[in-house]
Amino acid sequence: KNISLNIEKTLGFISKDAVYAYEAQAKACSEALHNGTGKGNDFLGWLNLPSSTSKEFIADIKATAQILRDNCEVVVMAGIGGSYLGSRAVIEALSDSFELLKEKKDSPVIIYAGHNISEDYLSELTDYLKGKKFGVINISKSGTTTETALAFRLLKKQCEDQRGKETAQKCIVAITDAKKGAAKVTADKEGYKTYVIPDNVGGRFSVLTPVGLLPIAVAGFDIEQLIAGAAKMEEVCGLNVPFSENPAAIYAATRNELYKNGKKIEILVNYHPKLHYVMEWWKQLYGESEGKENKGIFPAAVDFSTDLHSMGQWIQEGERSIFETVISIETPNKNLTVPSDEANLDGLNFLAGKRVDEVNKMAELGTQIAHVDGGVPNLHISMPQLNEYYIGQLFFFFEKACGISGYILGVNPFNQPGVEAYKKNMFALLNKPGYEEESKAIQARL
Ligand code: PA5
């Protein structure tokens, strides 16, 4: 069984013929990806990553993960954007919701840093780590990302001060570019175990490299299954799979057709809050890949049914410029039924004996019908279960569809030139050496 896509509930808004009219274009885009003839073709390393990941490589990642597991009660993952969202997505999706509150833990607690510059956050983090046996996975492809570098400077010092240089050397791992960047220089000088982010894999497509695999393995999850799921999707969304059977091509075509018809915002929806960071990962993947040249669908996300009580009104009756893509989990991992209550003061006895998931599923179905009635096209992704294998499938499905969708849109889905604008201003405002001219210019504007 695989994850599957259903676009039936978009067909009152766009026609099936219009979606299928993309067949030749989607095929051409897929060929451009596979032949490396499209825009951004120096960043296509992700395309065959699952099927080319060797057993030896997985074993090496697992061995490093074991060292961290054996020597750390807490592991801090320092990274931002593509260097952290993928692993956080998997770890949060698969962890017990109350893991952090449990006294006895089977795996090190994974916490995150390097994804903001909040003094309160970093100060509270260093306080929390005081006296703890902690390790750090420092992830930065460029090695020059301020958020991550700043957090790592603090963490490295604290780890060495608390645990001694020798233990710190064992408990700090760097994942970075093969040659360039300060993270690489520091790792080499200090003798940290290092993994390389391949040159041809961009940050937001890097979850199936050590960037995602090492933290996920440290957290105790099965990276072989993750890769196996992704490899399966590589096949399912392969170049020679007919359009009608290729979920990545259909998804790419459908969302482009909706966009052409004024649906400028795509809302990714889940009914299990554990998927929150899968949504964050997806938002980056599509936002950074397609939002350029003054075009691109705006990727948004909601956690239902929670957000039905906050954003539900807007979705039901606000401006009709949105469509939804729902990720639905067929079978939950746990089993809980609604108890019967003699007094029935809350009037819920009509649910007694039903699984909680049945209630959730009816919320899902009821919402789909209401939103479609309200003018919101609805795509539906069905995931048999929430586990490593199907998350691997989901990742690769979205990545492949993103490449095709970006090419259909006519942009380079693999660059992110717009991200530099804020950095340039920040460096100028902070008088970073080398930014003297920019500093003068920006000061004059204040
Ligand atoms: O997708 C991307 O390229 C970005 O999100 C980067 O991953 C992010 O900016 C972090 O960059 P780096 O890994 O170089 O620190």
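A residue is termed buried if 20 or more other C-beta atoms lie within 10 Å of its own, exposed if 12 or fewer, and partly exposed in between, with C-beta atoms placed from the backbone. The structure is a predicted model, in which local features need pLDDT of at least 70, side-chain atom pairs count only at pLDDT 80 or more, and totals for chains, interfaces and linings use all residues. Residues are numbered from 1 along each chain as its sequence is written.

View 1. Helices (H or I, at least four residues) and strands (E, at least two) are DSSP runs, numbered from the N terminus. Helix α5 spans residues 85-94, and because nine of its ten residues are buried, it is largely enclosed by the rest of the structure. The buried residues are Leu85, Gly86, Ser87, Arg88, Ala89, Val90, Ile91, Ala93 and Leu94. The elements covering them include the strands β2 (74-78) and β3 (109-113), together with the helices α9 (210-218), α10 (223-236), α12 (276-290) and α15 (388-409); here, contact requires C-beta atoms, placed from the backbone, to lie within 7 Å.

View 2. Proline 215 belongs to helix α9. This proline is buried, since 28 other C-beta atoms lie within 10 Å. Leaving out residues up to four places away in sequence, proline 215 touches Met77, Ser87, Ile91, Ile110 and Ile137. Of these, Ser87 and Ile91 are among the buried residues of α5. The C-alpha atoms of proline 215 and valine 90 are separated by 9.6 Å, although the two residues are 125 apart along the chain.

View 3. Beyond its neighbours within four places in sequence, leucine 213 is in contact with Ile61, Leu208 and Ile223. A nonpolar core is a set of buried Ala, Val, Leu, Ile, Met, Phe, Trp, Tyr and Cys residues joined through C-beta atoms within 7 Å. The largest such core has 121 residues, of which Ala78 and Leu214 touch the most other members. Helix α15 supplies the largest share of this core, 14 residues. Leucine 214 touches Ile61, Thr64, Ala65, Ile137, Val173, Ile175 and Tyr195, again without residues up to four places away in sequence.

**View 4. The five-stranded open sheet.** The strand order is β3-β2-β4-β5-β6, with parallel pairing; strands pair if DSSP finds at least two bridges between them. At the edges lie β3 and β6 (193-196), each of which pairs on one side only. Within the sheet, β4 (residues 134-140) and β5 (residues 172-176) pair over five bridges in the parallel sense, and valine 136 stands opposite isoleucine 172 in β5.

**View 5. Strand β10 and its partners.** Strand β10 (residues 378-385) pairs with β1 (residues 4-6) in the antiparallel sense over three bridges. Strand β9 (residues 322-331) runs parallel to β10 and is joined to it by seven bridges. Histidine 380 in β10 is the bridge partner of asparagine 6 and of valine 326.

**View 6. The ligand shell.** The ligand is surrounded by 14 residues, the closest being Gly81, Gly82, Ser142, Thr145 and Gly203; a residue is near a molecule if its C-beta atom, placed from the backbone, lies within 6 Å of it. By class, this shell has one nonpolar, ten polar and three charged residues. Ala, Val, Leu, Ile, Met, Phe, Trp, Tyr, Cys and Pro count as nonpolar, Asp, Glu, Lys and Arg as charged, and the others, Gly among them, as polar.

Conventions
Two residues are in contact if their C-beta atoms, placed from the backbone, lie within 7 Å.
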